[in-house]
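Please look through the protein shown below and read the paragraphs beside it. They go from the whole chain to its parts.

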Amino acid sequence: MSKEMVIAYIGNGKSANRYHIPFVLTRKDKIRIKKIFTPNHGDDPWKEIPGVEYVEDMNEILKDEEIQVVILSTPHSTHYSLAKQVLMAGKNCVSEKPFTETKAQAKELFALAKEKGLMMQCYQNRRFDSDFLTAIKVMESGKIGDVTEMEISFDYYRPEVPQGRKFEPFTSFLYGHACHTLDQVISCFGKPDRVQADVRQLLGEGCMNDYFDVDLFYGHRLKATVKSSYFRAKARPSTTVYGMKGMYVKEVKDKQEEHLKMFVMPGEPGFGEDKPSEYGTMIYYDDQGTYHEEKVPTITGDYARYYDALYETIMNGKEQLVKPEETIAQIEIMENAIKGLK
């Protein structure tokens with residue numbers, strides 16, 4: 001019988017109840033949610049999870065010796081201070097993204113964790129998006145040859161979102177969305193040799209950042225691009241990969257978020273699955289020069305795999321999935337890219 005990992009959440013909002021808890025509940029055999037801190041539980045719109053204790057005093061989590069990992073699912077601005085509190089209390093900590101506002105803050109948290117013999121990690125669930133996982137499979141197959149370009153887009157047509165919102169670096173579109181896609185690229189190719197960023201305020205100075213296009217360069221051949229906009233009436237393809245012998249393109253993004261919003265839960269039939277019409281297309285020339293064009297069945301995404309990796313780190317001493325240097329590199333890119341905007 002496997003050992004049980006005992007966890008707690010600080011924060012009981014959409015993040016915890018949509019992107020964490022439904023996936024953890026598919027791993028009841030090895031992970032137990034003991035407590036959730038919520039400052040005004042009577043006002044929470046989310047249904048209680050049977051067997052979980054809801055507390056309005058954070059110390060009931062920090063002083064609970066049975067709890068091994070505390071997950072922060074709170075507003076961006078609280079991550080740095082709360083993570084320090086959790087680490088100082090002697091608990092391993094996972095923080096939602098964006099992890100911190102500055103590289104210096106991120107380095108401080110990882111140094112504190114190391115000093116205390118604890119684990120500090122960013123919650124990068126989108127490493128387990130279906131479109132990203134399938135792109136990795138295509139690249140690893142070698143059929144499209146050495147990769148020269150990778151493009152990841154995260155587009156919306158929501159012009160109402162930036163309207164009337166003032167510019168704040170940490171709550172910008174860049175920090176809120178590039179935190180997903182930059183991590184995907186860095187997990188694939190590592191820290192880039194050079195970065196070129198185009199970060200805009202399409203509605204003008206003082207307004208919310210609503211567009212970005214960031215290029216990451218690796219050596220003389222490879223460029224990866226992450227880009228997003230709130231003003232795309234038709235979204236660009238979710239993922240495109242170009243190689244020396246071919247390419248792969250997938251139009252639609254991972255389905256997990258869409259299904260969660262429809263109250264289709266992890267573990268239910270069809271959760272996160274693409275229809276065959278939504279599969280990506282791979283085009284390539286083989287060694288004989290023959291042209292091929294084929295649909296690539298989508299690897300179904302599963303954010304619970306982040307928690308599988310977390311379990312292995314906490315319970316079995318394996319290396320953490322999202323490494324400190326990867327998170328530091330991502331924060332540094334965003335911190336530099338947002339400079340100059342007002």
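Of the 342 residues in the protein chain, 54% are buried. Here a residue counts as buried when its relative accessible area is under 20%. The model is a predicted one, and the values that follow are computed from it. The C-alpha trace of the chain spans about 65 × 55 × 40 Å along its principal axes. How does the radius of gyration fit a compact globule with 342 residues? Such a globule would have a radius of gyration near 20 Å, and the protein chain has 21 Å, so the two agree.

The chain contains nine helices and 14 strands. Six of the strands form an open sheet in the order β3-β2-β1-β4-β5-β6, and their pairing is parallel. At the edges are β3 (53–55) and β6 (120–122), each of which pairs on one side only. From one strand to the next, the twist averages 25 degrees.

Strand β4 (residues 69–72) and strand β5 (residues 92–95) run parallel and are joined by four bridges. Within this pair, Ile 71 stands opposite Val 94 in β5.

The loop between β5 and α4 (103–115) contains Pro 98. The peptide bond leading from Lys 97 to Pro 98 is cis, and its omega is near -5 degrees.

Another loop, between α7 and β13 (280–285), holds Phe 263. This residue has a positive phi of about 65 degrees, although Phe 263 is not a glycine. Is Phe 263 buried or exposed? Its relative accessible area is 66%, and the cut-off for an exposed residue is over 50%; Phe 263 is therefore exposed.

Phe 263 also belongs to the lining of a pocket. The second largest pocket has a volume of about 320 Å³. It is lined by 14 residues, and those closest to its centre are Asn 17, Pro 22, Trp 46, Phe 263 and Met 265. Which helices each supply at least two residues of this lining? They are α1 (14–24) and α7 (256–261). The largest share, four residues, comes from α1. Sorted by class, the lining of this pocket has nine nonpolar residues, one polar residue and four charged residues.

Technical notes
Residues numbered from 1 in each chain as written. Predicted model: local features only at pLDDT ≥ 70, side-chain atom pairs only at ≥ 80, totals over all residues. Heavy atoms only, no water. 1 Å grid on protein atoms, 1.4 Å probe; cavity = no way out; pocket = protein on both sides within 12 Å on 5 of 7 lines; lining within 4 Å. Points joined across faces, edges and corners; volume = space filled by probe spheres on them. Nonpolar A, V, L, I, M, F, W, Y, C, P; charged D, E, K, R; others polar. Pairing = 2+ DSSP bridges. Axes fitted to C-alpha atoms, helices over the stretch in contact; angles between N-to-C directions. Rg over C-alpha atoms; globule rule 2.2 N^0.38 Å. Buried < 20%, exposed > 50% of the residue type's maximum accessible area, 1.4 Å probe, protein only.
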